[in-house]
Amino acid sequence: MNTKFLKTLIMAMAIPIAWSCSTTNNIAYIQDRVLDRPEEIDQNAGIVIQPKDQISIVVSSRNPELVPMFNLPVVSYQAGSEMVSSAGSQRLMGYSVDNNGDIDFPILGKLHVAGMTRWQLSDMIKDMLLDKGFLNDAVVTVEFLNFKISVMGEVNAPGTYTIDGDKITILQAISLAHDLTIFGKRENVSVIREQNGKRVIYDVNLCSTRLFESPAYYLQQNDIIYVEPSKIKAKQSTLDDKGLRMTSILVSSGSLLVSIATLLVSIFAIN
């Protein structure tokens, strides 16, 4: 029997055996949890405004005639056209945070917003409008427009996801990606983060409650979650790659032999 075929057969039989022999130590999340023991949660957890962020700020008041001067216009983006005002498919323009962490706000001028939560920025603008005598009943709503995270590797639905609000955990992000595949290494999930001009990588163990203590438990803008494949998947991929190469060699060899045979037949026919 062909040696390579035998190896392929053995690997195909080994995978189900490996699954059946796997313990929950490799699969179950948060295995060392303690039931009925409340733990403190950081109520202030969430993203803060950073340079190059896009944020929307909407000012409302009981004096509607004063509100427009503090709000950006409503626009619509149409394929193949410039940004124009539109009555349909409307959305608010956002403020771009510059490299210094500032935005230019109507009437109030330049505001330093980097490092603030959306709630802190809302309160700051509300207080400024009140102190300067513009509006005494302002309601300021701040939202993030570019809060996105990416999930890749051994998950069922890899991709980039836009997040509503200002808080998401690594477990929620994995849920968006329809959970890890059976081949994903749950004890070593990487979170790649760029912040303050630096790139840092955190390793998170989803099988341990220590994940709640990780700086990567609450995700930040543009975080990338990478789930590494298990050794079984890596071996299977290598074996599949070797199989594809062998198939290609056999097909090429077969085509060459057919060409040679056709040539020989033609030569003998002429003779």
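## A tour from the sheet outwards

Begin by selecting strand 1 (residues 54-60) together with strand 7, which pair in the antiparallel sense over six bridges; strands here, like helices, are DSSP runs numbered from the N terminus (H or I over at least four residues for helices, E over at least two for strands), and two strands pair if DSSP finds at least two bridges between them. This is a predicted model, in which local features need pLDDT of at least 70 and side-chain atom pairs count only at pLDDT 80 or more, while totals for chains, interfaces and linings use all residues. Residues are numbered from 1 along each chain as its sequence is written, and side-chain values use heavy atoms, with hydrogens and water left out.

Within this pair, Ser56 stands opposite Glu143 in strand 7.

Next, select Asp166 and Arg118, whose side chains meet in a salt bridge (3.1 Å, N to O), the term requiring a side-chain nitrogen of Lys or Arg within 4 Å of a carboxyl oxygen of Asp or Glu. Asp166 lies in the loop between strand 9 (159-162) and helix 3 (170-176), and Arg118 in helix 2, 48 residues apart. Asp166 counts as buried at 13% relative accessibility, as does Arg118 at 11%; buried means under 20% relative accessible area, exposed over 50%, and partly exposed in between (1.4 Å probe, protein chains only).

Move on to strand 10 (residues 184-195), which holds Lys185, while Glu228 lies in strand 12, so that their pairing ties together parts 43 residues apart in sequence. The closest N and O atoms of this Glu228 and Lys185 salt bridge are 3.8 Å apart, and Glu228 is partly exposed, with a relative accessible area of 29%.

A further salt bridge joins the side chains of Asp223 and Arg193 (2.8 Å, N to O). Asp223 lies in the loop between strand 11 (198-204) and strand 12, and Arg193 in strand 10, so the pair ties together parts that are 30 residues apart in sequence. Asp223 is buried, with a relative accessible area of 0%, and Arg193 counts as buried at 3%. Salt bridges that share partners join Arg118, Glu143 and Asp166 into one network.

Select Ser230 next, in the loop between strand 12 (224-229) and helix 4 (231-270). Ser230 is buried, with a relative accessible area of 18%, and touches Phe183 and Lys185, not counting residues up to four places away in sequence.

Finish with Ile107, in the loop between strand 5 (102-105) and strand 6 (109-112), where phi is near 70 degrees, a positive value in a residue other than glycine. Ile107 counts as exposed at 51% relative accessibility. Turning to the loop between helix 2 (118-131) and strand 7 (139-144), one finds Phe134, which counts as partly exposed at 31% relative accessibility.

Key: Contact = heavy atoms within 4.5 Å.
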